[in-house]
Protein chains: 2
Amino acid sequence: MPHLPDMPGALAGNPRPMPFDRLDTPSAIVDVARMQHNIERMQSRADALGTRLRPHVKTTKCTPVVRAQIAAGAQGITVSTLKEAEQFFADGVTDIVYAVGMAEHRLPQALALRRRGCDLKIITDSLASARQIAAFGSAHDEAFEVWIEIDTDGHRSGIRPDQPALLDVGGCLHDAGMRLGGVLTHAGSSYELDTPEALAALAEQERAGCVQAAERLRAAGLPCPVVSVGSTPTALSAATLDGVTELRAGVYVFFDLVMHNGGICGIDELALSVLTTVIGHQPEKGWAIVDAGWMAMSRDRGTQKQKRDWGYGQVCTVDGVPMPGYVMQGANQEHGIVAVEGLRSGEDIVSRLPIGTRLRILPNHACATGAQFPEYHALAPDGSVQTWSRFHGW
Amino acid sequence: MPHLPDMPGALAGNPRPMPFDRLDTPSAIVDVARMQHNIERMQSRADALGTRLRPHVKTTKCTPVVRAQIAAGAQGITVSTLKEAEQFFADGVTDIVYAVGMAEHRLPQALALRRRGCDLKIITDSLASARQIAAFGSAHDEAFEVWIEIDTDGHRSGIRPDQPALLDVGGCLHDAGMRLGGVLTHAGSSYELDTPEALAALAEQERAGCVQAAERLRAAGLPCPVVSVGSTPTALSAATLDGVTELRAGVYVFFDLVMHNGGICGIDELALSVLTTVIGHQPEKGWAIVDAGWMAMSRDRGTQKQKRDWGYGQVCTVDGVPMPGYVMQGANQEHGIVAVEGLRSGEDIVSRLPIGTRLRILPNHACATGAQFPEYHALAPDGSVQTWSRFHGW
C-alpha cells in the first residue's frame, strides 16, 4: 500500500489536517491507505481484463475519492442521480453515464448538461421511454447518446438479451437520430452469492448476456460501440471479459461487511468505519451503549440473510483492529448497543469498554453508511485527518 | 383539520410556493393539514393528561415543524444531538433536553450553550458519567442541570427504578453542586406492541417506574422536580399520568407504517410520503420500477417483524390515496420495485402504472425516511408547496 507522500496530489482536501483524537463522534472515517489499495486493486483488475474502468461514484459522492480513482486510471464515471452528474461535471469530469432509466421530466436537465459540454450518456430499457427521449431530442435538435439497459440476471431493470424489444428500442433511437452508444448491464444479484464458483458463473452470465445484446444490435445494422458490465463482486470474479469494453463498479473503493461475507475482500480491506464513543452500559446484559445508532450506521442490515449476520457492524478498537465477537447488535437513532456474541458468564463489558472508550464500527454497506454523513474524515497513514465533504439529496 | 389560512404564521417557510406538479422526484412530501392534525392530537392528549408536552425534534430537525409544535402548546423540546440543540437554540428555543447520555468530550459544547443562554439539560445513567459531569461542572463553576435516565422496560439505557445506583448518581451530582433536575424514561419497547391492552400496560409501567425513581430520590432528600416519560405509542395509550410532569414524543408529528401497524394511528394520519416517478417495468413479473430506492425511503424495514410487512412502503396515488395491495417490495439505491401483493394472472402493471406515473410512498419509519432528504416539501391544502429545510449530520 502506498504511503501518503506517494498519493496523488488530488487527494489533498482540507489544507488544515486535524488530530484524529480530536474528532467528534460519530464520524465516518476513511482509511486512505486502504482506499488507495482498493482503487489500485480494481484498476489493475480492469487493466488485466483489457477493459476501461468507469467507477460508480454513488458510493462516495466525494470529490477527493473520485479524483483518486481517475488518477489511478479510471476513464469516466457512473452516476445514480443527475445531481451527481452536475457536481462532478463542475469538478471537471465530462464522461458521465447516468445509470438509472431516464425519466421524461429530467430530459431538460440532461439537455442543459450536454449543452454546457458534459458528455452525458443516458439509458433506457423500454420503447415508451425511448420514444420520449427521441421526441424530446428531435424537438431540441439534440442527438442524445443513449445506452440500452440489459437485464442479465433478473434482479431489477433492463431488456433481456434475447427479447424482441431490444431491436425495437435500438431502432427507435437510431431512426430518430439519437446516438446509440452501447449496452449496459449490472448483475446486482451478485450481492447474494458467496462462493467463487457462483460468482464466476454470474460474471460470465453478465458478460455473455451483454455481449449477446450488442451482437444482436450490430447484426441488425445498429451501432453499439460500448459494452458496459459490472458490479464489484462480478468485476472481481470474471475469468474473461471478451467483448466487453468497460467495467463499472462502486463499493470496491471502501468495501464493507456484505462484500466480506461474499468472499470478495478481506476484513483488512474495509476502508470505511464509524468512529464512536461508549456513553453507558447495561452490565448485567453485557451491553455497552455507544453514540452511533442507525442515524450513523444507516438502517442497512445487508448481512442479515448472509452466512454471517454482523448486526449493525463489527466493532474494532479505535486503531481499527477488529475485536472478535464484538458487534453492534442493536441500534436506535443515536444509540448503538454493542455486545459480545456468546457472552461468557463473568465477562465484564464495563472494564473492557469503559465510558469514554472510542471504537470504530465496520458497516454492512458502505454506500448506505456514507450517505448518513455530510463528510468523511480521511485518516492518512501519518495519523493526520482531512475533511472530505460529500453531497446529499437529489 | 385546519386549512392553511388558520395555520400559525410560524408555518410560513419559503415565501415562493411552487406548484406540486413541478416537484422533482424523489421528494419528501409533508401533508401540512395532517401534520397539524397530529400536532393537535398529541397536544390535546398531553393537556387532558395534565402534563406538559416536550416534543422530540429528532424526527424532523425542521424549524417550521417545531414552530408549529410550539405554537400549538409544546413547552420546550427534546433533542438527540447537540447539533439539534445548537440549531433550535439559534431559532429561539431555550428549554432543551439532550436525551442521550452525556459524553465527557461534549461537556465543553454543553457549557458553551448554557453560557450563551440556552437552558440545556443533560442526562446520565451511571456514576462514572455523573462524576465526569460533576468534575467538569465544578471546575468551570457551572451548575449543570442534570436529569437521571431511568430504565423502565429494559430496551436500552437507564438505571432501573429500584437500583441502588440511582441514589449514588443523584447524590454525586447534588453533592457536587449540580442541579438535579429530574428523571427521564423512554419505553422504546412500545414500538414492538400492537394491542391497546399491551400498550396501556407498558404506558403504566413507564409511568410507575419513573415516578418510583423520583420518589426514591425525594425520600433520600434529593430534589427531583421533573418526571419526564414518553414515546409516541405509550403517550397515546396511557390511562393516567399521575406524578408525571411532562410527556415526550417524536414520531407522532408525521406517524408512519410502524405506528399504523401498532394500532396507534390511521393510515390517513400519515403525514410524510415520498413522491416518486415510474421509470420502467418488468411486465412478466408485475413490477413497476420507480425512482425512489432506499436512498429515498431509507433502509428501515421496521414493519418486517410486525403483523403486516409493508416492504419499503405502501404505494399511494399522487394525491395520496393508498392503492390496496401495492407496495414497494424491493429497493436498490435509486430504484424501487413496486408490485402488487398476490398479483393476479393477467393483471397489467404497465397500463395501470405507465411510465411517467407519479406515486407517493408511505414509509415504514418517518424519522429514518426524513433523514434521507435535505428538505421537506410541505403541501398545503390549497395545493401550494413550500420548501422546509432540515439539517443533516452531527
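The exercises below, each with a worked solution, concern a predicted model with a chain A and a chain B.

**Exercise 1.** Determine which strands stand at the edges of the open sheet of eight strands in chain A, and how the strands pair.

*Solution.* We begin by writing down the order of the sheet in chain A, which is β3-β10-β9-β8-β7-β6-β5-β4, with parallel pairing. The edges are then found at β3 (52-55) and β4 (77-79) of chain A, each of which has a single partner strand, so one side of each is left without a neighbour in the sheet. From one strand to the next, the twist averages 30°. To look at one pairing in detail, we take β9 (residues 226-229) and β10 (residues 246-249) of chain A, which run parallel and are joined by two bridges; V229(A) has L247(A) in β10(A) as its bridge partner.

**Exercise 2.** Find which strands of chain A helix α6 (residues 165-175) of chain A lies across, and the angle at which this helix runs to β7(A).

**Exercise 3.** Describe how helices α3 and α4 of chain B pack, and name the residues that make the contact.

*Solution.* Two packed helices are described by the angle between their axes and the distance between the axes. For α3 (residues 82-90) and α4 (residues 107-115) of chain B, the angle is about 15° and the axes are 11 Å apart. Since angles under 35 degrees count as roughly parallel, α3(B) is therefore roughly parallel to α4(B). Their crossing is left-handed. On the side of α3(B), the contact is made by L82(B), A85(B), E86(B) and F89(B), and on the side of α4(B) by Q109(B), A110(B) and L113(B).

**Exercise 4.** Work out how chain A and chain B are related, and through which surface the copies meet.

*Solution.* Chain A is superposed on chain B by a rotation of 180° with 0.0 Å of shift along its axis, the RMSD being 0.0 Å. The two copies are thus related as by a two-fold rotation axis, and the residue of chain A that comes closest to this axis is R299(A), at 2.4 Å (C-alpha). Turning to the interface, we find 43 residues of chain A in contact with 43 residues of chain B. The largest share of the side of chain A that touches chain B, four residues, comes from β11(A), while the residues of that side divide into 16 nonpolar, 18 polar and nine charged. Finally, 100% of the interface residues of chain A are also interface residues in chain B, so the copies meet through the same surface.

Notes: Residues numbered from 1 in each chain as written. Chains lettered and ligands numbered in written order. Predicted model: local features only at pLDDT ≥ 70, side-chain atom pairs only at ≥ 80, totals over all residues. Axes fitted to C-alpha atoms, helices over the stretch in contact; angles between N-to-C directions. Parallel < 35°, antiparallel > 145°, perpendicular 65-115°, else oblique. Left-handed = near helix turned anticlockwise from the far one by under 90°. Contact = placed C-beta atoms within 7 Å. Least-squares fit on C-alpha atoms with pLDDT ≥ 70 in both. Nonpolar A, V, L, I, M, F, W, Y, C, P; charged D, E, K, R; others polar. Pairing = 2+ DSSP bridges.
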